[in-house]
Amino acid sequence: MKLKSYGEGIAKGMLVTMKNAIRDPITTQYPEKRLNISRRSRGNQLVWNKTACISCSMCARACPVNCITMVTSRDENKKLQMDKMDVDTGVCISCGLCVEACPQKCLFMSRDYEKAVYSRKKLKLTKEDILMTDSSKPSGYYSPENETKLPKQTLLIDGKKWDK
Ligand code: SF4
Ligand code: SF4
């Protein structure tokens, strides 16, 4: 009797192994394969559109942890200009209040999430570091009109394949 149950156990175990050997994988090898993150992902990297900025400092004032340091001055036409805008991303809590406070919508969160660094010093970004470029990827946070244009999230559980 015991021998029979033992054999059944092995057969069931083999069946489970076989099923898992032939089904689609449910994990991927990062960074060789990258999945699309959710369209609703807020993002945690600030990006600054210099051209639209009016140097009003509302973003710095809205920051609850004071991680935006800003220095402004007036040019020869008495127009405000941004001399310095540093963001200490090691202190930033990605709350997004600065994005919401900006009257020009020139500060936004990026979907880029691969910004790890080895030194804490490198977490202090200057305005040049956060400058908007052609490769900046705005998230849908506080800009729902962006959300529909973003690529759909890759869900392996639906049997979909990842982007190569
Ligand atoms: S996301 Fe929040 S914590 Fe980070 S800089 Fe903006 S207001 Fe400050
Ligand atoms: S709130 Fe917007 S417009 Fe004002 S200084 Fe900040 S980024 Fe520039």
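How many nonpolar, polar and charged residues are in the lining of the second largest cavity? The residues there divide into nine nonpolar, two polar and no charged. By class, Ala, Val, Leu, Ile, Met, Phe, Trp, Tyr, Cys and Pro count as nonpolar, Asp, Glu, Lys and Arg as charged, and the others, Gly among them, as polar.

## Basis

This is a predicted model, in which local features need pLDDT of at least 70 and side-chain atom pairs count only at pLDDT 80 or more, while totals for chains, interfaces and linings use all residues. Residues are numbered from 1 along each chain as its sequence is written, chains are lettered from A and ligands numbered from 1 in the order in which they are written, and side-chain values use heavy atoms, with hydrogens and water left out.

## Overall form

The protein chain has four helices and five strands. Both are DSSP runs numbered from the N terminus: helices are H or I with at least four residues, strands E with at least two. Along the sequence the pattern is α-β-α-β-β-α-β-β-α. The radius of gyration is 24 Å, well over the 15 Å that the globule rule gives for 164 residues, so the protein chain is more spread out than a compact globule. That radius is taken over C-alpha atoms, and the rule is 2.2 Å times the number of residues to the power 0.38. Along the principal axes, the C-alpha atoms fill a box of roughly 95 × 35 × 25 Å.

Of the 164 residues, 26% count as buried. Buried means under 20% relative accessible area, exposed over 50%, and partly exposed in between, with a 1.4 Å probe and protein chains only. The protein chain exposes about 12000 Å², and carbon and sulfur atoms supply 55% of that area. Areas come from the Shrake-Rupley method with a 1.4 Å probe; for residues, only the protein chains shown count as cover. Among contacts with a separation of 6 or more, 75% join residues 24 or more positions apart. A contact means heavy atoms within 4.5 Å.

## Cavities

There are two cavities of 30 Å³ or more. On a 1 Å grid over the protein atoms alone, a cavity is a set of points where a 1.4 Å probe fits but cannot get out; a pocket is an open set with protein on both sides within 12 Å along at least five of seven lines; lining residues have an atom within 4 Å of a point. Points are joined across faces, edges and corners, and a volume is the space filled by probe spheres set on them.

The largest cavity holds about 90 Å³. Of its 15 lining residues, Cys53, Cys56, Cys59, Cys102 and Cys106 are the closest to its centre. Its lining has twelve nonpolar, three polar and no charged residues. The second largest cavity holds about 70 Å³. Its lining includes Cys63, Cys67, Cys92, Cys95 and Cys98.

## The largest pocket

The largest pocket has about 340 Å³ of space. It is lined by 18 residues, and Gln45, Leu46, Asp112, Lys115 and Asp129 are the closest to its centre. Strand S1 (residues 45-48) gives the largest share of the lining, three residues. By class, the lining has seven nonpolar, six polar and five charged residues.

## Backbone exceptions

Most residues other than glycine have a negative phi, and most peptide bonds are trans. The bond from tyrosine 30 to proline 31 is cis, with omega near 10°. Proline 31 sits in the loop between helix H1 (2-22) and S1.

Lysine 78 has a positive phi of about 65°. Lysine 78 is in the loop between strand S2 (68-74) and strand S3 (80-88), and is exposed, at 64% relative accessible area. Tyrosine 142 also has a positive phi, near 65°. Tyrosine 142 lies between strand S5 (124-125) and helix H4 (144-147), and is partly exposed, at 38%.
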